[in-house]
Amino acid sequence: MLLSIRHRTFYRYDPPAARVALKLRLYPAVTAAQTPRSWSVTVNGEAPHMRLANGYGDEESVWLAHDGAEEVEIVAEGVVETRDVHGVLRGWRMAARPAMFLRKTPLTAPDEAITALAKEATAGKTGISAAHALSEAVRDAVDYRPGATTAKTTAAETLNLGAGVCQDHTHLLISGARSLGAAARYVVGYLMVGEGDQPELSTEQETHAWAEIWIDSLGWVGFDASNRICPTDHYVRLAAGLDAPDAAPLRGSITGAAEETLEADVQVTQAQ
Amino acid sequence: MFNEMSGEDGVTRSAYEGVARWIDETGVDALLLKTEEAEAIFRRIGITFAVYGEGGDPERLIPFDLIPRVFDAHEWRRLDRGIKQRARALNAFLWDVYHRGEILKAGIVPERLVYQNAAFLPEMIGVDPPGRVYSHIVGIDIVRTGENSFQVLEDNCRTPSGVSYKLETRAIMMRMFPELFQSLSIQPVDDYPDLLRKTLEEVAPPACKGDPTVVIMTPGSLNSAYYEHSFLADRMGVDLVEPQDLFVDEGRVWMRTTQGPKRVDVIYRRIDDDFLDPITFRADSVLGVPGLMQVYRTGGVTICSAPGAGVADDKAVYCYVPEMIRFYLGETAILENVPTWRCSEPDELSHVLANLGDMVVKEVHGSGGYGMLIGPKATAEEIEAYASRIRAEPADFIAQPTLELSASPSLAGGGIAARHVDLRPYCMVGADMRLAPGGLTRVALREGSLVVNSSQGGGVKDTWVLSE
């Protein structure tokens with residue numbers, strides 16, 4: 001499938017920021033599941049500098065403004081050809097070893113309830129079937145409910161609350177997988193919604209999130225717990241990390257601005 | 001207990017003959033008076049002491065002991081070889097874990113010790129620092145337990161401090177007792193700043209053409225080691241900068257100067273990884289140079305030590321250094337490790353818990369003598385409280401036997417008395433390896449104390465290495 005994507009993020013600073021530094025992870029890699037046909041990333045109309053692959057294998061770049069900035073507009077857009085490979089990440093240069101993704105982070109630290117959920121869901125199962133069962137169990141335990149949580153909600157809080165969005169499902173899935181000794185990571189990307197087979201997808205957030213779990217015989221396999229599926233040709237993968245802040249497609253350091261206004265939107269449509 | 005001056009048989013060791021004669025000729029009362037004079041000088045020139053990470057009052061004067069600690073040329077040759085060997089293996093380990101991880105795949109070092117260590121930075125995976133050097137100044141803490149028995153207590157691969165005190169104690173000794181340095185062949189140490197600068201210049205980044213510009217980056221004058229930062233910048237003849245003096249533009253790092261921006265090639269940073277670059281590490285930090293890591297990773301600047309070098313000096317990783325030496329260098333370790341039990345291993349944990357009263361237990365990520373249990377000195381309640389901490393997070397602790405550190409004659413308690421000492425030599429790693437003779441000798445001035453940290457009542461003394 002050919003997906004046409006436009007992802008715009010707009011910041012306004014009042015008073016103007018003295019200095020803005022941005023790190024951008026907005027470059028879909030070539031994998032067996034996706035090939036960018038055209039892609040551009042600009043900040044206020046210019047291409048950021050120093051684009052290179054980071055330690056996770058994802059590309060990133062930096063944009064800096066030293067002499068004040070009132071508005072910053074980041075646009076990532078282009079056409080990506082996608083194929084359904086049932087969520088298996090292939091044809092991608094692996095940098096960090098899977099064991100890296102066993103680390104606990106504050107947002108993904110398992111508590112007793114998570115450990116119990118993971119054990120129960122996967123009892124008697126191994127490998128890919130255990131991962132599917134865990135993903136289902138996470139979705140069963142947590143309703144999809146925009147606004148129920150914040151960016152700082154932890155996996156343990158999510159399970160306790162029983163509601164959340166894709167970030168929360170993903171954190172909980174990662175936390176459960178790691179508690180079982182399986183490497184798991186947070187993936188950020190784009191998703192084309194409204195295709196009938198995927199009725200209740202996130203429209204609240206500018207990007208979508210899902211997890212990748214390391215399966216010995218297959219490598220990294222994506223699991224979108226929110227939608228109870230493995231990523232299909234509706235998905236475009238951007239970047240991975242230990243949790244949401246670590247995988248963030250945009251990171252900034254701003255000095256001097258009192259107030260920041262943010263607008264962001266993503267449009268993903270099928271290209272002709 | 002091994003006495004550095006009188007040896008195992010009570011006969012003055014040859015290395016100490018000059019010192020013994022000097023003590024006899026000068027007399028204890030005169031030496032005590034001279035100590036007051038030395039302290040007055042320290043106070044006047046403003047040397048204050050707080051070893052990095054040890055806390056305490058940064059404006060406090062460190063106790064200075066006039067009686068030097070001496071190594072003969074033969075002893076030093078062995079230490080020199082052992083320290084360089086260790087520094088080489090530690091750098092090889094760092095390169096390996098940020099690349100293919102062969103030592104992990106071989107099952108020699110457990111993966112979790114590396115990948116779950118907060119000091120292991122994913123941002124460094126695949127990065128190739130110039131010369132494959134990650135730790136450019138390796139500080140290796142060494143203790144002696146017998147005539148021929150030296151043991152490594154700890155490796156410091158990030159920014160080991162204290163070298164300014166080594167140089168200042170020598171300067172003050174030469175000023176107060178010039179005749180000693182005329183009559184005895186003591187190897188000089190004052191070329192350290194030149195050697196350090198040379199080392200830092202040798203690891204200039206690929207983008208640097210011509211003479212590299214080196215700077216020292218300090219967190220600022222409130223930092224406990226600020227004296228050392230400014231001292232080294234001054235002696236090396238390089239600029240001392242704070243993060244806000246630097247910025248990134250056009251893929252390079254620049255320093256603001258009164259003559260306009262000046263390009264920077266090598267940063268000897270005395271600031272933690274977390275505070276290097278707010279768009280890569282701690283986003284909440286106001287310190288740091290945004291974009292610095294990207295310039296580093298593209299070969300536009302060299303950061304010394306490399307970010308993430310701390311994964312090699314962890315107290316749990318320490319246990320594996322002799323194996324690293326075998327694995328990377330195909331050699332046997334010249335310097336021994338102290339026998340160490342890892343509480344992460346169930347068998348070793350039960351041994352530790354059963355013998356707490358005889359052991360020293362340390363936090364894997366601790367430093368500065370804080371948070372330790374010294375079994376033989378602890379009460380039953382203290383031991384029980386510590387045991388429950390170990391049981392809660394066993395992997396956070398290691399245990400070692402209580403060592404009989406060697407003692408060196410020191411001016412303490414109104415006379416000359418034997419006090420325990422350790423040694424921190426500084427090994428510089430650039431295109432070549434350089435070891436300044438001696439190191440910083442720390443002395444536990446409290447009677448019977450084995451803790452030499454300045455925050456725990458330790459002092460410093462000059463360290464002599466004699467020529468052939």
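Chain A of this predicted model comes to five helices and 14 strands, where helices (H or I, at least four residues) and strands (E, at least two) are DSSP runs numbered from the N terminus. Its radius of gyration is 18 Å, close to the 19 Å that the globule rule gives for 272 residues, so chain A is as compact as a globular protein of that length. That radius is taken over C-alpha atoms, and the rule itself is 2.2 Å times the number of residues to the power 0.38. The C-alpha trace of chain A spans about 60 × 40 × 35 Å along its principal axes. Of the 272 residues in chain A, 55% are buried, meaning under 20% relative accessible area (1.4 Å probe, protein chains only). As for contacts (heavy atoms within 4.5 Å), 76% of those in chain A between residues at least 6 apart in sequence join residues at least 24 apart.

Chain B has 14 helices and 21 strands. Here the radius of gyration is 22 Å against the 23 Å that the globule rule gives for 468 residues, which is close, so chain B is as compact as a globular protein of that length. Its C-alpha trace covers about 65 × 60 × 40 Å along the principal axes, and buried residues make up 60% of the 468. Contacts between residues 24 or more positions apart account for 69% of those in chain B with a separation of 6 or more.

Then there is the interface. Chain B puts 27 residues into the contact and chain A 25 residues. Between them the two chains bury about 2,200 Å², 58% of it on carbon and sulfur atoms; buried area is the accessible area (1.4 Å probe) that two parts lose on being put together, summed over both. In chain B, B:Y115, B:I279 and B:Q294 lose the most area to chain A, together 31% of what that side buries.

Eleven residue pairs are in polar contact between chain B and chain A, both residues at pLDDT 80 or more. Such a contact is a pair of N or O atoms within 3.5 Å; within protein, one must be able to donate a hydrogen and the other to accept it, and residues adjacent in sequence count only if both atoms are side-chain atoms. On the side of chain B that touches chain A, the elements giving two or more residues are α5 (111-115), β6 (246-249) and α10 (292-297).

Residues are numbered from 1 along each chain as its sequence is written, and chains are lettered from A in the order in which they are written. Local features need pLDDT of at least 70, side-chain atom pairs count only at pLDDT 80 or more, totals for chains, interfaces and linings use all residues, and side-chain values use heavy atoms, with hydrogens and water left out.

Key:
Buried means under 20% relative accessible area, exposed over 50%, partly exposed in between (1.4 Å probe, protein chains only).
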